[in-house]
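Here is a short briefing on one protein chain. Keep the sequence and the 3D view open while you read.

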Amino acid sequence: MVVAAYIVPTPAKQVMVNGKLVNSVCLEQSTGELLRRILEIAAPKTAVIAMGNPYVAQNFPAVQTYICTYSNASTSELSAVKVLFGELQPKGKLPVTLPGIAERGK
């Protein structure tokens, strides 16, 4: 299964977590819940593609296969599909650290 998460980079929302105000990048509630359910059932068979904001996976610890395009342009969509089908090798390096997922430059 392939899930494309379209979140255009914008200033993070602040939400309360355990009584503390933290920044959050997330999908809408119903969309996020659907992704959680998909991952509960089929995480090893699911590729999540962040089409825009790379921080999406922080809210979904069950993600096992994650591709970041940093853009929702059609060229980014096409490149992501080519990576999934082995027609293109991903060569990019993360320009940011995704805490608990990957370090900058990996």
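The points below cover confidence, the nonpolar core, the salt bridge and a surface patch.

This is a predicted model. The chain has a mean pLDDT of 83. Its largest nonpolar core holds eleven residues, and the whole structure has one salt bridge.

**Confidence**
- Of the chain's residues, 80% reach a pLDDT of 70 or more.
- Helix α2 (residues 74-84) has the highest confidence, at a mean of 94.
- Strand β3 (residues 20-24) has the lowest, at 55.
- Where pLDDT is low, the predicted coordinates should not be read in detail.

**Nonpolar core**
- The largest core is made up of Val3, Ala5, Ile7, Leu35, Ile38, Leu39, Ala43, Val48, Val56, Phe60 and Val63.
- Two elements, β1 and α1, each give two or more residues to this core.
- Val48 touches Val3, Leu35 and Val63, and also Thr65, Tyr66 and Ile67, leaving aside neighbours within four places in sequence.
- In soluble globular proteins, nonpolar side chains tend to be buried together.

**Salt bridge**
- Arginine 37 pairs with glutamate 33, and their closest N and O atoms are 3.3 Å apart.
- Both sit in helix α1 (residues 29-42), four residues apart, so about one helical turn separates them.
- Glutamate 33 is partly exposed, because its relative accessibility is 32%.
- Side chains of opposite charge can pair when their charged atoms come close.

**Surface patch**
- Val2, Val81, Leu84 and Phe85 form a nonpolar surface patch of about 380 Å².
- Of these, valine 2 lies in strand β1 (residues 2-7).

Methods
Residues are numbered from 1 along each chain as its sequence is written. Side-chain values use heavy atoms; hydrogens and water are left out. Patches are made of residues with over 30% relative accessible area and no salt bridge: like charges are joined within 9 Å, nonpolar side chains (Val, Leu, Ile, Met, Phe, Trp, Tyr) within 5 Å. Accessible areas come from the Shrake-Rupley method with a 1.4 Å probe; for residues, only the protein chains shown count as cover. A salt bridge is a side-chain nitrogen of Lys or Arg within 4 Å of a carboxyl oxygen of Asp or Glu. Buried means under 20% relative accessible area, exposed over 50%, partly exposed in between (1.4 Å probe, protein chains only). A nonpolar core is a set of buried Ala, Val, Leu, Ile, Met, Phe, Trp, Tyr and Cys residues joined through side-chain atoms within 4.5 Å. Contact means heavy atoms within 4.5 Å. pLDDT is the predictor's confidence in each residue, from 0 to 100.
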